[in-house]
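Subject: Structure handover

Hello,

Here is the structure I said I would pass on. My notes on what was found in it follow below.

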Amino acid sequence: MKIAILGFGTVGSGVYEISKTSKNIEVKKVLEKDLTKIDIATDNYDEIINDKEIELVVECMGGLHPAYEFIIKALQNKKHVVSANKAVIAKYLDEFLKVAQENNVDFRFEASVGGGIPCLAGIQKIRRVENIDKFYGIFNGTSNFILDNMYRFENEFFTTLKTAQELGYAEADPSADIDGYDVTNKVIISFALAYDGFIKNEFPCFTLRNITKEDILYFKKQGFIAKYIGEAITKDDLYEASVMLNLFPVNALEGNVLSNYNIVTVKSHTMGEVKFYGQGAGKLPTANAIVQDIFDIIDNINYHKINIEKEYKYSSNLLKHKYVLRFNEKVESEKIEKIDNDNGRYYCYTKEITQKELLDLIGNSDCLVTKLSEEL
C-alpha cells in the first residue's frame, strides 16, 4: 500500500523509518514545509489528495488545525486515515467516523492513547465479548515522570518539570501535560471505545501544578504514592469521569510505574482487571502503533465495530469516594472526618462523598485534591 505522511517530526519520521522495513508499505509523499528534510517531501497537500496511488494518509501533525481539515479532505477523497493526534480526535471523532463510513474508508487511531501500548485494541477485544465496567490509568508519561522523580529523589515540582523539559519529556509550554488536557482527551477517546458514546470535557480535571515536595513527603510517611489518573465509569445512561491525583499504596502496580511509562487498567466481569503497561509516548513506540493500524487496514482486521451513537449524561452524584485535600488553612466541614496538621499544611480526609460534594467543599480554593484509591 502506498501512503503519505503529514508531518516529518518525531512520530512522522518514526513511521517512515519503520515503513522502510516493510514490503507491504511504501511512503510515496511526506507533507513537510522544509523540503530539504527528505527527497519525497511536498508542501502542497493537493499533491497527496490528487495522487490516486496514495490509499492512506498518516496524520502526525498534532493540534486541531489544519489537522482537522486535512483528515476530512483525505476521507472525503476515499483515502484511509491513521492518526496519533489525540487533541483533534477527542474533539472531532464523531465527524471523522461518519465521513469515513460515508466514503467506505477507515479512520484509525490506536496511537492516540498509550503511545505504543495496544490498550485501545485491548478495549475493543474485550468489548467483543462483554461490557466494560470501568477503566482508569496513568495516561501521561510527562506527569508520571514528574511525580516519580519527586517521590524517588524528593525534588520540588518546578525543578522536576525543568528536568523533564531538558530531557524532552515536556514541552516548553507544558500545560497540556500538567494541567490534564492531554489525559482528558485520552479519557474521551477511551470512553468512545469502551462505552459506545462520545462525551465532552465536562467532567472534573485538576491540575498537577499544586503538588509540592512537602505533599509528596507527607504522603510517603503515610505509605501513599501519588499518581495522575484519568478514569471513567458508567451506569445506565449516566457517566462519571475525572482527571486527578490518586493516592495508591506503595506496593500497588500503579505506584511502581516509573519514569515516563503508562499503565491502563480495564475492568470487566469475566476478565476481571486487565492492565496494559509500556511506553506511552516516544518516536518508535508511537510509530509502531500507527504501522499496526496500517497493517490492520491492509488485512481488513476489525476487533470491534466502533459505534459512538449512545448518549450519556455526566453525573456528579453517581458514585462516592474518599479524598485527601490539602489546605493551607484550617477548614471545617461535616464532610471531613479527619484533619492532619503537618507543619501548617492541613490534610483533610473526607468521608465518602460525591464529585458534587467535593467541588462544593473545595469551592474556589487552590487546594491540592487527591483521591484515595480503592486499594487503600
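**A buried pair, then the rest**

Both R127 and D196 are buried, where buried means under 20% relative accessible area, exposed over 50% and partly exposed in between (1.4 Å probe, protein chains only). Their side chains meet in a salt bridge, with N to O at 3.2 Å; the term stands for a side-chain nitrogen of Lys or Arg within 4 Å of a carboxyl oxygen of Asp or Glu. R127 lies in helix α5 (residues 119–129) and D196 in the loop between α9 (181–195) and α10 (213–221), so the pair ties together parts that are 69 residues apart in sequence. Helices (H or I, at least four residues) and strands (E, at least two) are DSSP runs, numbered from the N terminus.

Some notes on the source. This is a predicted model, in which local features need pLDDT of at least 70 and side-chain atom pairs count only at pLDDT 80 or more, while totals for chains, interfaces and linings use all residues. Residues are numbered from 1 along each chain as its sequence is written, and side-chain values use heavy atoms, with hydrogens and water left out.

**Other salt bridges**

The structure holds 28 salt bridges. One of them is between E53 and K28, at 2.5 Å from N to O. E53 lies in the loop between α2 (45–49) and β4, and K28 in strand β2, so this pair ties together parts that are 25 residues apart in sequence. E53 is partly exposed, at 39% relative accessible area, and K28 also counts as partly exposed, at 23%.

K186 forms a salt bridge with D182, and their closest N and O atoms are 2.8 Å apart. The two residues are four apart in helix α9, which means about one helical turn between them. K186 is buried, with a relative accessible area of 5%, and D182 counts as buried at 6%. Elsewhere, salt bridges that share partners join K134, E231, E254, K267, E273, K275, K371 and E374 into one network.

**The sheet**

Six strands form an open sheet in the order β3-β2-β1-β4-β5-β6, with parallel pairing. Two strands count as paired if DSSP finds at least two bridges between them. The edge strands, β3 (41–42) and β6 (107–108), each pair on one side only.

Strand β2 (residues 26–31) pairs with β3 in the parallel sense over two bridges, and L31 stands opposite T42 in β3. Further along, β4 and β5 run parallel and are joined by four bridges, with E59 opposite S83 in β5. Two bridges join β5 to β6, again parallel; the bridge partner of V81 in β6 is F107.

Within β5, H80 and V82 point one way and V81 and S83 the other way, and all are buried. In a regular strand the side chains alternate between the two faces of the sheet.

**Helices on the sheet**

Helix α3 (residues 67–76) lies across β1 (2–6), β2, β4 (54–59), β5 (80–83) and β6, and runs at about 150° to β5. Helix α11 (residues 283–298) also packs on the sheet: it touches β1, β4, β5 and β6, and its direction makes about 155° with that of β5. Contact means heavy atoms within 4.5 Å. Axes are lines fitted to C-alpha atoms, for helices over the stretch in contact, and angles run from 0 to 180 degrees between N-to-C directions.

There are right-handed β-α-β units here, including β4, α3 and β5, and β5, helix α4 (residues 86–102) and β6. Right-handed is meant as follows: with the strands pointing away from the viewer, the path from the first strand over the helix to the second runs clockwise.

**Aromatic pairs**

Rings of Phe, Tyr and Trp (its six-membered ring) pair if their centres lie within 6.5 Å; planes under 30 degrees apart count as stacked, over 60 as edge-to-face and the rest as tilted. By this rule the count comes to 21 aromatic pairs. F8 and Y16 form an edge-to-face pair, 5.7 Å centre to centre with 70° between the planes. F8 counts as buried at 13% relative accessibility, whereas Y16 is partly exposed at 21%.

The rings of Y92 and F96 have centres 6.1 Å apart and planes at 50°, so that pair is tilted. F96 is buried, with a relative accessible area of 0%. One aromatic cluster is formed by F135, F139, F191, Y195, F203, Y239, Y312 and Y314.

Regards
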